[in-house]
Amino acid sequence: MSKYKKMKQLIADMRLPEYRYKQLLDAVFLQGIMRFEDMKLLPKTLREKLVEQFGETVVEIKAIHHEKSMQTDKVLFELSDGNRVETVGLFYKEGWNSFCISSQSGCGFGCKFCATGTLGLRRNLTVDEITDQILYFMQQGCSINSISFMGMGEPFANPQVFEALHDLTAPELFGLSQRRITISTIGIVPGIQKLTREYPQVNLAYSLHAPTDRLRETLMPITKTYPLGQVLDTLDQHIRQTNRKVFLAYIMLKDVNDSDRHAEQLTKLLFKHKKYLPLYHLDLIPYNQTTVTETMVPSSHTRIKAFCRIIHNAGISVNIRTQFGSDINAACGQLAGAYRDDQKQGERTMSAIQEQSFEWLLCPVCKSKTRLKIRKDTILDNFPLFCPKCKSEMLICVKQFHISIIKEPDAQTQSRQSVALGCELSALLFFGAGINQSYRLIR
């Protein structure tokens with residue numbers, strides 16, 4: 001439940017008139033008042049209760065570091081439990097402000113070219129931690145023209161993203177049009193399908209990055225779970241139901257995916273979906289090398305132009321994306337939630353973060369190794385897990401390692417089957433019509 005619903009409930013519990021809730025929202029979203037004590041239209045008793053329950057300000061996350069360039073502002077936020085995420089503000093000369101927000105602290109999918117992916121997954125952000133990233137910039141006096149879920153984490157791996165979409169588009173709250181919001185995914189099919197059903201006008205971007213499953217698996221392990229053909233078929237269905245353009249992102253990596261042959265393979269792949277090809281748009285993204293992804297090298301501008309020419313001559317909508325913020329590690333693939341200040345703050349450097357140990361999740365049904373790499377101290381709630389071996393789709397909760405779980409007996413079988421895992425899990429069927437399997441934790 002978001003804090004706005006909690007605030008509404010608090011006002012109801014105090015038996016105050018309903019218009020007090022509207023006054024509260026107007027103070028935040030129309031007047032830009034973030035400190036509860038400064039909302040003088042509200043009764044003192046209500047202001048005190050708000051401070052008691054939510055703290056002194058509406059914004060609950062703490063900005064601890066800024067890096068700015070001419071048109072970019074990258075902010076490092078610290079969450080209440082000490083985890084960190086980064087958010088990027090893009091300020092265009094035409095007066096348009098766009099914000100790239102995070103949905104997870106770290107990421108567990110391990111894409112080889114992504115700085116965030118080297119961190120492993122710490123946890124999902126709450127709905128308030130997601131929307132507070134935008135509220136912070138509003139607090140600084142920024143107008144919000146568009147939002148992209150292209151920061152740290154995979155949006156469709158966090159169910160709270162859909163609750164955040166509700167708040168971001170609610171007229172009485174942030175009031176953004178769905179068409180001003182973009183979600184970028186590595187290809188989580190159930191999440192794409194849910195977006196199609198619930199928020200069909202939200203822009204959708206697919207991180208493609210390779211023309212074949214074989215190559216993409218080496219860059220993005222998620223491909224074993226959701227291969228290109230399955231994802232593109234799902235995107236076709238999204239286009240058919242929404243009549244909305246789908247964006248395909250393709251990071252250009254020297255001698256990896258940037259040859260003429262790769263361009264021809266990509267053209268062949270997309271022409272398998274020729275019926276919907278007019279509503280696909282390909283963005284070629286110059287790669288931004290980081291200190292933690294040094295093995296990947298950006299393609300030359302000449303090579304990118306040659307690649308683009310082949311795609312364009314085939315009749316596919318394509319362009320080379322203009323990059324902002326690479327000078328402050330704020331461009332695509334560079335967000336890492338850490339900064340160097342070892343002498344003054346005792347902060348951990350990126351290399352130290354990388355050295356920390358990781359664990360792989362095991363499927364609680366068939367015990368096969370999944371493709372989710374997480375930190376040992378990870379805590380997750382309602383995280384979607386798909387097993388490519390037994391095809392089970394589940395919501396899992398990860399709380400700590402070295403605890404077993406057992407399968408509960410149902411009406412058809414009274415036998416218990418013990419499943420040993422390397423972490424504590426509780427699993428429910430995910431995106432299904434009902435609950436077919438349940439698990440109980442034992443200690």
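A salt bridge here is a side-chain nitrogen of Lys or Arg within 4 Å of a carboxyl oxygen of Asp or Glu. By that rule, a search of the whole structure finds 15 salt bridges. The model in your viewer is predicted, so local features need pLDDT of at least 70, side-chain atom pairs count only at pLDDT 80 or more, and totals for chains, interfaces and linings use all residues. Residues are numbered from 1 along each chain as its sequence is written, and side-chain values use heavy atoms, with hydrogens and water left out.

**Stop one: two helices**

Select residues 3-13, helix H1, and residues 19-29, helix H2. Helices are DSSP runs of H or I with at least four residues, strands are E runs of at least two, and both are numbered from the N terminus. The axes of H1 and H2 come within 9 Å and cross at roughly 145°; axes are lines fitted to C-alpha atoms, for helices over the stretch in contact, with angles from 0 to 180 degrees between N-to-C directions.

Now show the side chains at the contact (heavy atoms within 4.5 Å). From H1, pick Tyr4, Met7, Lys8 and Ile11; from H2, pick Arg20, Tyr21, Leu24, Leu25 and Phe29. Seven of these contact residues are nonpolar, none is polar and two are charged. In this scheme Ala, Val, Leu, Ile, Met, Phe, Trp, Tyr, Cys and Pro count as nonpolar, Asp, Glu, Lys and Arg as charged, and the others, Gly among them, as polar.

**Stop two: from H1 to H5**

Glutamate 163 sits in helix H5 (residues 160-169), 158 residues from lysine 5. Lysine 5 is partly exposed at 40% relative accessibility, and glutamate 163 is partly exposed at 22%. Buried means under 20% relative accessible area, exposed over 50%, and partly exposed in between (1.4 Å probe, protein chains only).

**Stop three: two arginines**

Next, select arginine 123 and aspartate 81, which meet in a salt bridge (2.6 Å, N to O). Arginine 123 lies in strand S6 (residues 120-124) and aspartate 81 in the loop between strand S2 (72-78) and strand S3 (84-91), so the pair ties together parts 42 residues apart in sequence. Arginine 123 is buried at 11%, whereas aspartate 81 is partly exposed at 41%.

Then pick arginine 84 and glutamate 78, a salt bridge with its closest N and O atoms 3.3 Å apart. Arginine 84 is buried at 15%; glutamate 78 is partly exposed at 24%.

**Last stop: a network**

Finally, select Lys3, Glu60 and Asp132, which are linked in a network of salt bridges.
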